[in-house]
Amino acid sequence: MNLDSMLVQQLKQARRIAVLTGAGISAESGVPTFRDAQTGVWANFDPDELATPDAFRRNPERVWTWYQSRRDMMSRVRPNPGHFALAEWEKRVDAWSIATQNIDGLHRMAGSQRVYEIHGNIHRSKCFVENTLVESWANDGSVPPRCPHCGGFIRPDVVWFGEILPQQEMADAQEAALRCDVYLSIGTSAIVYPAAGLPIMAKQAGALLIEINPDETPLTVAADFFLKGKSGEVLPALVDAVFDLVPMDRAAN
Ligand code: BJW
């Protein structure tokens with residue numbers, strides 16, 4: 001892969017790196033993105049019917065069942081070379097964090113340590129009434145299951161449209177954006193806010209902004225470097241170039 005030597009030099013000097021990831025980084029693991037015209041989740045399902053608090057109030061059984069099938073699918077997928085490259089990069093810089101919009105848990109599974117899950121995690125559940133995490137519940141056939149504490153419905157611990165993002169995770173993600181030398185936006189269409197504001201925040205605070213995506217996004221005009229391609233191919237090549245690795249070195253670690 002042809003990588004700009006100026007870019008590689010700047011990345012070699014970077015001490016503080018912050019990352020935003022979106023569905024695209026998990027695409028090569030087999031998790032569908034949201035806005036692909038053919039295979040995207042929202043090409044086949046209406047977010048107003050499935051991914052808002054009102055949708056859950058209107059039809060909790062449908063929403064729970066839909067998330068259950070996505071949870072089953074996400075339980076079977078594994079990290080891809082893009083996730084592993086980021087985990088490798090984290091070990092080699094002073095300050096590093098990933099703010100991910102993904103709910104699949106694949107960054108942690110790949111070994112990344114500092115991960116802010118700003119849209120939640122599908123493998124966790126919480127009470128719709130009390131908004132507290134629920135670890136286990138009676139298997140009495142109720143769909144959705146009921147909170148053992150208050151009897152309210154249990155829902156997936158993900159962030160739906162119109163909902164506030166988890167405050168601590170978002171505050172940490174914002175701080176990382178404001179303090180980094182380099183900000184990487186990877187595999188996101190950069191249209192869902194407030195996540196999409198993070199790369200711009202970083203750029204305005206003086207960071208070098210790099211975008212990795214097969215397609216241009218609204219962020220591309222602001223990026224200092226746009227690396228067109230799949231993250232599972234671009235990221236391993238980038239890590240190899242920045243740390244003078246041959247692919248075997250990375251695989252061996
Ligand atoms: C590859 C690849 C490969 C493919 N390698 N790349 C300001 C302005 C306008 C609107 C708003 C605003 N502030 C708030 C809003 C409303 C709303 C919003 O942003 N709407 C937009 C659609 C306009 N935001 C919210 O409601 C948020 N809450 C909020 O702001 O609260 C405060 C508030 C409340 C009320 C009023 C005002 C303020 C919450 C947003 C929650 C988003 N939830 C979802 C669902 C999560 C659960 C689930 O999975 O079911 O999160 S929606 C969906 O979109 C999911 C994603 O995390 C999110 C972002 O999508 P992502 O990851 O970018 O995926 P795609 O598919 O869009 O893009 C994939 C990219 O990958 C593409 O570019 C491909 O090219 C690329 N790609 N293969 C690398 N191999």
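Guide: We can start with the ligand's surroundings and then turn to one residue. Keep in mind that this is a predicted model.

Visitor: Which residues come nearest to the ligand?

Guide: Arg35, Tyr67, Arg70, Thr188 and Ser189 come nearest, out of 34 residues around the ligand.

Visitor: What is the shell made of, by class?

Guide: It has 17 nonpolar, 11 polar and six charged residues. Helix H2 (24-27) and helix H6 (60-76) each supply at least two residues of that shell.

Visitor: Which side chains put a polar atom 2.7 Å from a ligand oxygen?

Guide: Thr188 has a polar side-chain atom 2.7 Å from an oxygen atom of the ligand. Asn213 has a side-chain N or O atom at 2.7 Å from a ligand oxygen. With Ser231, a backbone N or O atom lies 2.9 Å from a nitrogen atom of the ligand.

Visitor: How much of the ligand's accessible area does the protein cover?

Guide: 75% of the 1,500 Å² that the ligand has on its own.

Visitor: Back to Asn213. Where does it lie, and is it buried or exposed?

Guide: Asn213 lies in strand E8, residues 208-213. Its relative accessible area is 10%, which is under the 20% cut-off, so Asn213 counts as buried.

Visitor: What is Asn213 in contact with, leaving aside neighbours within four places in sequence?

Guide: Gly187, Thr188, Phe226, Leu227, Lys228 and Gly229. A polar atom of the Asn213 side chain lies 3.3 Å from the backbone oxygen of Thr188. Phe226 is 13 residues from Asn213 in sequence, and their C-alpha atoms are 7.7 Å apart.

Methods. Residues numbered from 1 in each chain as written. Predicted model: local features only at pLDDT ≥ 70, side-chain atom pairs only at ≥ 80, totals over all residues. Heavy atoms only, no water. Near = heavy atom within 4 Å. Polar contact = N/O pair within 3.5 Å; in protein donor to acceptor, adjacent residues only side chain to side chain. Areas by Shrake-Rupley, 256 points an atom, 1.4 Å probe, with all protein chains shown as cover. Helix = DSSP H or I, 4+ residues; strand = E, 2+ residues; numbered from the N terminus. Nonpolar A, V, L, I, M, F, W, Y, C, P; charged D, E, K, R; others polar. Buried < 20%, exposed > 50% of the residue type's maximum accessible area, 1.4 Å probe, protein only. Contact = heavy atoms within 4.5 Å.
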